[in-house]
Amino acid sequence: MGMPLSEVDRVAKQIPLLPVGMTIGKAMEDNPELKGMDEAEAQSRRLIDAARSGEGGARNASPHAAGVVVALDPLTVFVP
């Protein structure tokens, strides 16, 4: 989006991590500074709108160690 990381960070810090399930809409209701960024700053509004479009989606699609089984024998020996 061509935004400096410092600007993205400034907006992101306005959205709390807790409680679990926090949404951007709820954060705007609770935080007048975030709401002001959305209303007064076009660049911040674009960022917030983009974040809303991805809200609730999968965070990543990469495999990780807990999802990969490595074995010398066929997996049917180890799993039903």
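This is a predicted model: local features need pLDDT of at least 70, side-chain atom pairs count only at pLDDT 80 or more; totals for chains, interfaces and linings use all residues.
Is E41 buried, partly exposed or exposed? E41 is partly exposed, with a relative accessible area of 27%, where buried means under 20%, exposed over 50% and partly exposed anything in between (1.4 Å probe, protein chains only). Residues are numbered from 1 along each chain as its sequence is written, and side-chain values use heavy atoms, with hydrogens and water left out.

On to the overall layout. The protein has four helices and zero strands, and reading along the sequence gives the pattern α-α-α-α. Both element types are DSSP runs numbered from the N terminus, with helices being H or I of at least four residues and strands being E of at least two. Of the 80 residues in the protein, 19% are buried. The accessible surface comes to about 6300 Å², and carbon and sulfur atoms own 60% of that; these areas come from the Shrake-Rupley method with a 1.4 Å probe, and for residues only the protein chains shown count as cover. As for contacts (heavy atoms within 4.5 Å), take those between residues at least 6 apart in sequence: 48% of them join residues at least 24 apart.

Next, the inside. In soluble globular proteins, nonpolar side chains tend to be buried together. The largest nonpolar core here has ten residues, namely M3, V11, M22, I24, A27, M28, L34, M37, L47 and I48. Such a core is a set of buried Ala, Val, Leu, Ile, Met, Phe, Trp, Tyr and Cys residues joined through side-chain atoms within 4.5 Å. At least two residues of this core come from each of helix 2 (24–30), helix 3 (32–40) and helix 4 (42–54), and helix 2 puts in the largest share, with three residues.

I48 sits in helix 4 and is buried, at a relative accessible area of 2%. Setting aside neighbours within four places in sequence, I48 is in contact with V11, I24, M28, L34 and D38. I48 and V8 are 40 residues apart in sequence, yet their C-alpha atoms are 9.5 Å apart in space. L47, for its part, touches M1, M3, V8 and V11, again not counting residues up to four places away in sequence.

One of the contacts of I48 is a charged residue, D38, which lies in helix 3. D38 is buried yet has no salt bridge, and the nearest side chain of opposite charge, R45, is 4.6 Å away. Beyond four places in sequence, D38 touches M28, R45, I48 and D49.

Side chains of opposite charge can pair when their charged atoms come close. The rule used is a side-chain nitrogen of Lys or Arg within 4 Å of a carboxyl oxygen of Asp or Glu, and by this rule the count comes to five. E41 and R10 make one of them, at 2.5 Å from N to O. This pair links distant parts of the chain: E41 is in the loop between helix 3 and helix 4, R10 is in helix 1 (residues 5–12), and they are 31 residues apart. R10 is partly exposed too, at 29% relative accessibility. E7 joins R10 and E41 in a network of salt bridges.

Two other pairs are worth a line each. K26 and D30 meet at 3.2 Å, N to O; being four residues apart in helix 2, they are separated by about one helical turn. K26 is partly exposed at 38%, and so is D30 at 48%. K13 pairs with D9, the closest N and O atoms being 3.2 Å apart; K13 counts as exposed at 62%, while D9 is partly exposed at 36%.

Lastly, some local details. A cis peptide bond joins L18 and P19, with omega about 5°, and P19 lies in the loop between helix 1 and helix 2. F78 is in the segment after helix 4, and V69, L75, V77, F78 and V79 make a nonpolar surface patch of about 470 Å². Patches take residues with over 30% relative accessible area and no salt bridge, joining like charges within 9 Å and nonpolar side chains (Val, Leu, Ile, Met, Phe, Trp, Tyr) within 5 Å.

Note on methods: Lys and Arg count as positive and Asp and Glu as negative; His and the chain ends are not counted.
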